[in-house]
Amino acid sequence: MRYPFPTGKNDFIQGNEAIARAAILAGCRFYAGYPITPASEIFEAMALYMPLVDGVSIQMEDEIGSIAAIIGASWAGAKAMTATSGPGFSLMQENLGYAVMTETPIVVVNMMRGGPSTGQPTLPAQGDIMQSIWGTHGDHMLIVLSPSTVQEAFDFTIRAFNLAEKYRTPVVLLGDAEIAHMRERVYIPHPDDVEVINRKLPESEEEHKLPFGDPHGDGIPPMPIFGRGYRTYVTGLTHDEIGHPKTVEAEIHERLIKRIYGKILGHREDIISYEEFELEDADVAIVSTGIVSRSAIRAVKMLREKGVKAGLLKLHTVWPFDFDMIEELAERVRKIYVPEMNLGQLYHLVKEGADGKAEVELIPKIGGEVHTPMEIAEKVVG
Amino acid sequence: MQIRFAGIGGQGVVLAGVILGEAAAIEGLNVVQTQDYSSASRGGHSIADVIISKEPIYDVIVTEADVLVALAQLGYDTVKNSLKEDGLLIIETDLVKPERPYIGAPFTRLAEETTGLALTVNMVALGYLVAKTGLVRRESVEEAIKRRVPKGTEEVNLKAFRAGYEEGSK
């Protein structure tokens, strides 16, 4: 396999370009999208690269069609991705729920910009954190990852595909306009050095007949490929293990939804990832995710220089959320600060986790500029 | 080291930033390059930031510029406050009228004289910057230019860069 970009070496590229290259190295061979600032370069790169790796890149009529197309492609056996920003992500919510309900592995990239509505197209924000978790209706579970560097945008994209395949679930990669357009030195590994996970396929007749069963007891059904084996019924309606609609039986609905929750929450330790900076002896903690984490690291360094025992918990996985870890943190520190580029979203999760064991203070910022390290440090010093 | 380019859309400000960043990356330095521009494709302000360091870089935009390269008054006015008090101001002397000490040259005129194309002003300014500051090696920038400019325009861009470098070496 020849790749249409250099591998095994450093490059100086935008976050959007890094996401496209990572997707291809993770095995993505179908991309459907609709252009939108600040995510368009992902589509541009995919349009360029896909024909060169025997893949397909298609412009759909809108974002509803885009996510519908990748769900279909995934059922046809391809690893598939779409990318958008706030307004498009809103349009995708219905089908995001469909992907949850039909347990379809897909990767949806949302490069956040200022909102609501068309808002600030060219400027970064983190106003879609809650939407990425709870934007679609009904009880549901999915995975949300958020990078803070171009290297992380690359690495987390590969991880997003692997998690989607492993847990047969949609995964949202939550970037922002800053990561999208920022160029950084990034290491593009040799394809042999990239860990690639592929979905479980049905192996027995029994498994073929039950595309929504749980033959392995891990809550993750092997996924058949359309056109190979039996006819498969795929529906957003509540369904039994065969896939047939069963819309009034309480126990069937409960079993299905609890399995969808369980396959992710039961593997939290595998899914949740984070990094700690200077937290061992910290007196105050900062909890952040995405682009703001960069300023938070600098803020911790500045505070340490001034003698303030500050530390940082940098969340890579936004959802599922490790409420227990936050509670343990709250027991060790005096206060937790949550800087984020919105008027309070991650803050509420942290506050719930802290459960009153430590005071939690939001450091909000909107308008299109990332917090400066000084802004965070000044808040902590008070 | 924080370097900021400021101009208006159409001057190639972002490309100048990208090429400087690529040159730093070629030299194995850590580098972050970001940009800020209005939604107008021409005429609005256009800002490109480059942060170069041997250490990991956490900043995403220039907060206190060590060097500001201003190619148009609108761009300069938008970001002039971000230049450190003892920072270096480099200007397009025909188009920017600053109220503080500066160095510079009429980059657009130089571009026209050298290549016949005013739009190579970005490469002239980049050459001047590199000559004056030694931020990165001249060879690294030339390699970056070859990688980044549209195919077929390498020579004209290199010519503009060298003219700026010469001007800056005077």
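Reader: Where is the place of P38(A)?

Author: In this predicted model, P38(A) sits in the loop that runs between β2 (28-33) and α2 (40-49) of chain A.

Reader: And what is the peptide bond from T37(A) to P38(A), cis or trans?

Author: The bond from T37(A) to P38(A) is cis, and its omega is near 5°. A cis peptide bond also joins W319(A) and P320(A), with omega about 5°. P320(A) belongs to the loop between β13 (317-319) and α12 (323-332) of chain A.

Reader: Let us stay with the backbone. What is the phi of D54(A)?

Author: D54(A) has a positive phi of about 60°, although it is not a glycine. This residue is found in the loop between α2 and β3 (56-59) of chain A.

Reader: Is D54(A) exposed or buried?

Author: D54(A) counts as exposed, because 8 C-beta neighbours lie inside 10 Å and the cut-off for exposed is 12 or fewer.

Reader: What about D355(A), where does that one lie?

Author: D355(A) lies in the loop between α13 (346-354) and β15 (359-364) of chain A. Just after α13(A), D355(A) takes a positive phi of about 50°, and D355(A) is not a glycine either.

Reader: How many residues of α13(A) itself are buried?

Author: In α13(A), 7 of the 9 residues are buried, so this helix is largely enclosed by the rest of the structure. Among the buried residues are L346(A), Y347(A), L349(A) and V350(A). K351(A), G353(A) and A354(A) are also buried residues of α13(A).

Reader: Which elements do the buried residues of α13(A) pack against?

Author: They pack against α5 (129-134), β11 (284-289), α12, β14 (335-340) and β15 of chain A.

Reader: Turning to strands: how many residues of β5 (residues 106-114) of chain A are buried?

Author: For β5(A), 9 of the 9 residues are buried, so the strand is largely enclosed by the rest of the structure. Strand β4 (residues 79-84) of chain A runs parallel to β5(A), and 4 bridges join the two. Within this pairing, T82(A) has V108(A) of β5(A) as its bridge partner.

Reader: Now the interface. How many residues of chain A are in contact with chain B?

Author: On the chain A side there are 17 residues, in contact with 15 residues of chain B. On chain A, β1 (9-14), β6 (120-124), α7 (177-181), β9 (183-188) and α11 (292-305) each supply at least two residues of the side that touches chain B. Of these, α11(A) gives the most, with 4 residues.

Reader: How do the residues of that side of chain A divide?

Author: The side of chain A that touches chain B divides into 6 nonpolar, 5 polar and 6 charged residues.

Reader: In what sense do β9(A) and β2(B) pair?

Author: β9(A) and strand β2 (residues 30-37) of chain B pair in the antiparallel sense, over 2 bridges. In that pairing, E184(A) stands opposite V32(B) in β2(B).

Reader: What order does the sheet of 8 strands have?

Author: The order is β1(A)-β9(A)-β2(B)-β3(B)-β1(B)-β4(B)-β5(B)-β6(B); the sheet is open and its pairing is mixed. β1 of chain A and β6 (103-105) of chain B stand at the edges with a single partner strand each, so one side of each is left without a neighbour in the sheet. On average, neighbouring strands of this sheet are turned by 25° against each other, direction ignored.

Reader: One last topic: at what angle do α1(B) and α5(B) cross?

Author: The axes of helix α1 (residues 13-26) of chain B and helix α5 (residues 138-148) of chain B cross at roughly 120° and come within 8 Å. The two helices are therefore oblique to each other, and α1(B) passes α5(B) in a right-handed crossing.

Reader: Which residues make the contact?

Author: From α1(B) the contact uses L15(B), V18(B), I19(B), E22(B), A23(B) and I26(B). From α5(B) it uses S140(B), V141(B), E143(B), A144(B), I145(B), R147(B) and R148(B). The residues of this contact divide into 8 nonpolar, 1 polar and 4 charged.

Methods. Residues numbered from 1 in each chain as written. Chains lettered and ligands numbered in written order. Predicted model: local features only at pLDDT ≥ 70, side-chain atom pairs only at ≥ 80, totals over all residues. Contact = placed C-beta atoms within 7 Å. Nonpolar A, V, L, I, M, F, W, Y, C, P; charged D, E, K, R; others polar. Pairing = 2+ DSSP bridges. Axes fitted to C-alpha atoms, helices over the stretch in contact; angles between N-to-C directions. Parallel < 35°, antiparallel > 145°, perpendicular 65-115°, else oblique. Left-handed = near helix turned anticlockwise from the far one by under 90°. Buried ≥ 20, exposed ≤ 12 C-beta atoms within 10 Å, placed from the backbone.
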